[in-house]
Amino acid sequence: MSRSIVRQSKFRHVFGQTVKAEQGYDDIRVSKVTWDSSFCAVNPKFLAVIVESSGGGAFLVLPLSKSGRVDKNYPLVIGHSGPVLDIDWCPHDDNILASCSEDCTAMVWQIPDRSLTSPISDPIVILEGHSKRVGIVTWHPTARNILLTAGSDNLIIIWNVGTGEPLITMEDHPDLIYSISWNRNGSLFCTTCKDRRLRVCDPRKREVVAERLAPHEGIRPMRAIFTRDGNIFTTGFTRMSQRELGLWDPTNFEEPIALLELDTSNGVLLPYYDADANMVYLCGKGDSSIRYFEITDEPPYVHYLSTFSSKEPQRGMGFMPKRGVDVSKCEIARLFKLLDKKCEPITMTVPRKSDLFQDDLYPDTAGPEPAMEAEEWLNGRDEDPILVSMRGGYVAPKNRELKVAKKNMLDSRPTTRRSMSALETNSLPAELHERLLEEIQNLKATVLSQEKRICDLENKLSQYTNGTA
């Protein structure tokens, strides 16, 4: 009598759970733009959501700790003159975020650590180079200051945001680009396009090095992401409009490594990839469920694990970098599900009886330190991400964006159109320059003394209130 052998995997029992209601984010006017974007981006410090706004484009940025009901007058990040279509946090600085919009521009923003007290309208740099709306923005995984944008003009532009200059322009796509994903060291990226082709591009050679026509036979939009071992995971539709996923070897596009039909639905499946666990989470627009799979070297290569289901359909989804999860609770992933009026964090956990750090669940993960500078990457250098340990939980360096020891994006950032240029500042007379510096120092000293006075008064008030004075 034969017995079925159950595949051994530490992720076989991963289960999802919605956090308590008070730990969610309520009263958020999520954007109603008809664009297949996540509408949400998250990192260990902030949650950013593209929202409805009159007279232009805007997005909301909240510190993760500021859960609960969001004040309807909470300040937004404004600056785009058209609806915002995509946002992406910089992997090398948790206070830097890029956005792109229907106004044909991309912008890079610096977000302060504290909650916003007034709207932010001045980006660090404005990137102008597209002639139509810009729908995709994504940072290079290992090189500082490298940002990629793709627009409805079918152009891909790679920028050095430290100088605000375009480094590389690619015109290889004849139609609308649906998705772009860098590989692990940023030497290649893959794209899906409305012409139904999956392409692998080498940006520094400015050429397509591999392509496959119709990895999914349906005409609906596809998505593709690189896995850590260099294969490409895709989602799309069959000719009969069934949703389908595939795994491909870009060195041999003739036959898929795996091809699996899922269900019949109209929602595009957005894949979110965890390189440490080699797991992929599939979130369909309009679905109320999240499926997750493990990718291995053994047939059938893409293994279905489970499905997390909730009552309400999702408008978008944010995926937390691994250094933002709670290792003390064996949390291996956290997703932020956007509904019409709120955002619900969902934790993915592996049950373990021991309270000790689980080495097998948490290999060293990509940290925030870039592996190289923009010029090094442009000159042909490739480096894998610099890894950090998760033992004890990852702790970000305090005020990292203010206390930098080496060249940073903010050191040489180009001024925006609204500010005085560096040339004008350098041409100030020496006496005026010194007088301005002195006045600035005096103002800083005054502000510090007032802050100390406020702190003393608050402490005294607290003592009276508590009856300890």
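Buried means under 20% relative accessible area, exposed over 50% and partly exposed in between, with a 1.4 Å probe and protein chains only. The model on your screen is predicted, so local features need pLDDT of at least 70 and side-chain atom pairs count only at pLDDT 80 or more, while totals for chains, interfaces and linings use all residues. Residues are numbered from 1 along each chain as its sequence is written, and side-chain values use heavy atoms, without hydrogens and water.

Start by selecting cysteine 193: at 1% relative accessibility, this residue counts as buried. Then pick cysteine 330, also buried, at 7%. Disulfides (cysteine sulfur atoms paired within 2.5 Å) number zero in the structure.

Next, select strands E8 to E11. Strands here are DSSP runs of E, at least two residues long, numbered from the N terminus, and two of them pair if DSSP finds at least two bridges between them. The four make an open antiparallel sheet in the order E8-E9-E10-E11. At its edges lie E8 (84-89) and E11 (125-128), each pairing on one side only. Inside the sheet, E9 (96-101) and E10 (105-110) share five bridges; look for cysteine 100 opposite alanine 106 in E10.

Select Val19, Gln23, Lys329, Glu331 and Thr347, which lie nearest its centre among 17 lining residues. Strands E1 (15-18), E29 (331-338) and E30 (342-349) each supply at least two residues of this lining.

Key: On a 1 Å grid over the protein atoms alone, a cavity is a set of points where a 1.4 Å probe fits but cannot get out, and a pocket is an open set with protein on both sides within 12 Å along at least five of seven lines; lining residues have an atom within 4 Å of a point.
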